[in-house]
Amino acid sequence: MLHVLYLVHDVSDPAVRRRVKMLRAGGAGITLAGFRRTNSPIAEIEGIEPVDLGPTRDGRFAQRIGAVARAAVTIGAKLSAVARPDLIIARNLEMLALARRANQAFGAGVPIVYECLDIHRLVLRNDLIGKTLRGVERHLARDVKLLVTSSPAFIANYFKPFGQIAAPVELIENKYFDTMPVPADDLPESDPPMAPPWRIGWFGALRCRRSLELLAEFTRRQNGRFEVVLRGRPALSEFPDFHAFVEAEPWLSFRGPYRNPEDMAAIYREAHFSWAIDFFEQGQNSEWLLPNRLYEGCRFGAVPISMASTETGRFLKQQDIGVLLSEATPEGLETALGRMSQERYGKLKSQVMTRNPRTWSYDRSDCLAFVDKLRGLAAIDGTFAAEALA
């Protein structure tokens, strides 16, 4: 069995759990180690007890650098009871630095895979900070065996133009993970009524103040014809007044966190539309990403709403589905959605539901293929040669 050491920036991130599930479904054994954004250590992820590297804080870059520096000193001791892995996957730049330290602790020679699913705004700056960070990334990634990323726009707009990574690229989109193959006729068991109030679901990492203010203004103008349900983890570092803001809005409601994937069908099947817009890093990461909520919403029949000019918008245009906005204003939303009718909504939903479910989901065969690629990397480097020849 391929043994993967998975180093992550936030063990509590639901996306980490999804990747762990994918690796295990593909036949890999996993040692999980990383930082956390919680006060106490995480007891387990999918039955795995993570190696705790300590807490970090969202949005506090200097604090994270300090935490990485401390972990670089202690990671050898932290991993002393861990058998030498066949492969190390480093999720994000800071974990790539720790991956190299961990490799030294294991005697070197373990191949490293760099998983980068967001392009941080600091590495895109044209000043000394940005140039320094890009230089650090190039140095740390100089001999990685594979780059894993989630959007073609990250490659086209960052990795290629800046010449960051020479390694081959594996595109793994932020698709929903189905442990079993998705039946072609897997339609929703129940839907919200095709009549007002039309419900927009905004689920996941809630970090975009502009989206919140835009939706608040739009729903007030519509006076109850539209309402917005928010679920997930609000980034209080971006809007500390999040809860008070939502409570003051008559047509917005926050219903707390949810379990992924256990609650996904239920929460999306209560929504007519899925908000797939993010202005958090406008012109950069937010325009390039293909977010989790895009795939999750479509998987369960919610009609996606996106800006036409983004990578998400281009993807939806290719699929000929969704509602695309030309401008991010209340007037733009009213033009696109304000006169929604049962007939139009029925057509929009039908377009989503008739797409191949594999567009939105990975199944076990995808997991096996990914782990097989990783196994090949380990075998080439000789760390997995014995089992590869068995």
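1. Just after helix H11 (residues 311–319), Asp320 takes a positive phi of about 60°; helices (H or I, at least four residues) and strands (E, at least two) are DSSP runs, numbered from the N terminus. The model is predicted, so that local features need pLDDT of at least 70 and side-chain atom pairs pLDDT 80 or more, while totals for chains, interfaces and linings use all residues. Residues are numbered from 1 along each chain as its sequence is written, and side-chain values use heavy atoms, without hydrogens and water.

2. Within H11 itself, Glu311, Thr312, Gly313, Phe315 and Leu316 are buried, that is, under 20% relative accessible area with a 1.4 Å probe and protein chains only (exposed is over 50%, partly exposed in between). These buried residues pack against helices H5 (152–162), H9 (285–288) and H10 (292–299), and also against strands E13 (303–307) and E14 (323–325).

3. Strand E4 (residues 87–91) is mostly covered, with 5 of its 5 residues buried. Leu87, Ile89 and Arg91 point one way from E4, whereas Ile88 and Ala90 point the other way. E4 pairs in the parallel sense with strand E1 (residues 3–8) over 4 bridges, where pairing requires that DSSP finds at least two bridges between the strands; here Ile89 of E4 is the bridge partner of Tyr6. A further 4 bridges join E4 to strand E5 (residues 112–115), again running parallel, and in this pair Arg91 stands opposite Glu115.

4. The axes of helix H2 (residues 61–78) and helix H3 (residues 93–105) come within 9 Å and cross at roughly 10°; axes are lines fitted to C-alpha atoms, for helices over the stretch in contact, and angles run from 0 to 180 degrees between N-to-C directions. H2 and H3 are therefore roughly parallel to each other (under 35 degrees; over 145 is roughly antiparallel, 65 to 115 roughly perpendicular, the rest oblique). Residues of H2, among them Arg64, Val68 and Ala72, meet residues of H3, including Glu94, Leu98 and Arg101, contact meaning heavy atoms within 4.5 Å. The residues of this contact of H2 with H3 divide into 8 nonpolar, 1 polar and 3 charged; Ala, Val, Leu, Ile, Met, Phe, Trp, Tyr, Cys and Pro count as nonpolar, Asp, Glu, Lys and Arg as charged, and the others, Gly among them, as polar.

5. An open sheet of 6 strands has the order E11-E10-E9-E12-E13-E14, with parallel pairing. Strands E11 (252–254) and E14 stand at its edges with a single partner strand each, so one side of each lacks a neighbour in the sheet. Neighbouring strands are turned against each other by 25° on average, direction ignored. Inside this order, 2 bridges join E9 (residues 198–206) to E12 (residues 273–275), and Gly201 has Ser274 of E12 as its bridge partner. Helix H6 packs on the sheet, touching E9, E10 (226–234), E11 and E12, and its direction makes about 160° with that of E10. Helix H12 also packs on the sheet, touching E9, E10, E12, E13 and E14, and its direction makes about 150° with that of E14.

6. H6 (residues 209–222) and H12 (residues 330–337) also pack together, at an angle of about 55° and with their axes 9 Å apart, and they are therefore oblique to each other. Among the residues making the contact are Leu214, Phe218 and Arg221 of H6 and Pro330, Leu333 and Leu337 of H12. The residues of this contact of H6 with H12 divide into 6 nonpolar, 1 polar and 4 charged.
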